[in-house]
Structure formats: structure tokens, C-alpha cells
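Reader: I would like to learn how to read the pockets and the strands of a model. Could we take them in turn?

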Amino acid sequence: MGMRVPASFHDHFATLTDPRCPFAPNNRHLLMDILVIAVCAVISGAEGWEDIEEYGKANAEWRGDLLDLPHGIPGHDTFRRVLSRVAPEELTQCFIAWTNARSAASGGDIVSIDGKTLRHAFDRATSTAALHMVSAWASANRVVLGQLKVEEKSNEIRQVS
């Protein structure tokens, strides 16, 4: 049937080396399917392998119009196994190239900076302080460009710069 992943994403991630043995009998899922679901899930707030699988299943109907998914949505173990083996430098280069292309397509639109204190991050038993994060968000592209842990009551702008 052929993949209908948006050209920008596909073009920038097509060079990523698939870490799996091409002759392994259990390579049921396409690398591009795994990448698209994982990136969309993380952008949407997924924080672990189970979250990525849950996101894929929750959005399977419309994802099916974009992806081939010859064996359905991969399980969390598949996401973990495949993505843990992808070369981090290669993935980073693909992701940076893709986000740069998205930025250029939007004319270098405004990047929003926002600080948040993560709920339930304070641990009373160990007196661990709550986590404070600053995020950079490209609103036109609806993509989180980065996040940084900061100290409480710090100047968020100075920490990100």
C-alpha cells in the first residue's frame, strides 16, 4: 500500500540506520512506523514505553491512514528494544534536521518559553524537592524543542539562554 508519512518527516528520518538484524524473523514492524508513533507520543506527553504503546493504540484509527502498520501497533517491548538500539547521534541529527526544516517552513515562528513545577514531584520521605522545568515550544509546529530542569525561583530565561 505504501507509507503516507508526511514527506518532511520521512525525508529526514529515512537515513536512520535500522538497528535490527534484517534477517531476524521477528522484525514485524517498520522502523518508520515505530519512529512516527514514538515521536508523536513523546510530543503528546508520553513518558515511557507503555505510554508510547498506549498512545499508538488510542490513535490507531487515524494513524492507520499515515502508516503501513502491517502487524498493527507495536507493543511497548518493541518500542523499547528498537529505540534503545538506535544510534543516539544519528537520531539526534535526524531530529534536528527535521525540526530545523519545520522552523524554516514556518518562517522561524516564535518559540514560547514556559516554566512549570511538576506535580507530585516532592518526596516527603527523602525530602527531595519538587522538579522545576522550563520548556521551549514552537507553537506553529506544535513541537517541544527542549526541556531543562532548573532550580526553584530561578530566572527561567537566564537558565535557558
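Author: The largest pocket has a lining of 24 residues, and those nearest its centre are Val 42, Ile 43, Ala 46, Val 144 and Gln 147. Helices H2 (31-43), H3 (49-58) and H6 (88-105) and strands E2 (132-138) and E3 (143-150) each give two or more residues to this lining, with the largest share, 5 residues, coming from H2. This is a predicted model, in which local features need pLDDT of at least 70 and side-chain atom pairs count only at pLDDT 80 or more, while totals for chains, interfaces and linings use all residues. Residues are numbered from 1 along each chain as its sequence is written, and side-chain values use heavy atoms, with hydrogens and water left out.

Reader: What counts as a pocket, and what counts as a helix or a strand?

Author: On a 1 Å grid over the protein atoms alone, a pocket is an open set of points where a 1.4 Å probe fits, with protein on both sides within 12 Å along at least five of seven lines, and lining residues have an atom within 4 Å of a point. Helices (H or I, at least four residues) and strands (E, at least two) are DSSP runs, numbered from the N terminus.

Reader: Which strands are the edge strands of the sheet?

Author: Two strands pair if DSSP finds at least two bridges between them. Here an open sheet of 3 strands has the order E1-E2-E3 with antiparallel pairing, and its edge strands, E1 (111-117) and E3, each pair on one side only. Between E2 and E3 there are 7 bridges, and Met 133 stands opposite Lys 149 in E3.
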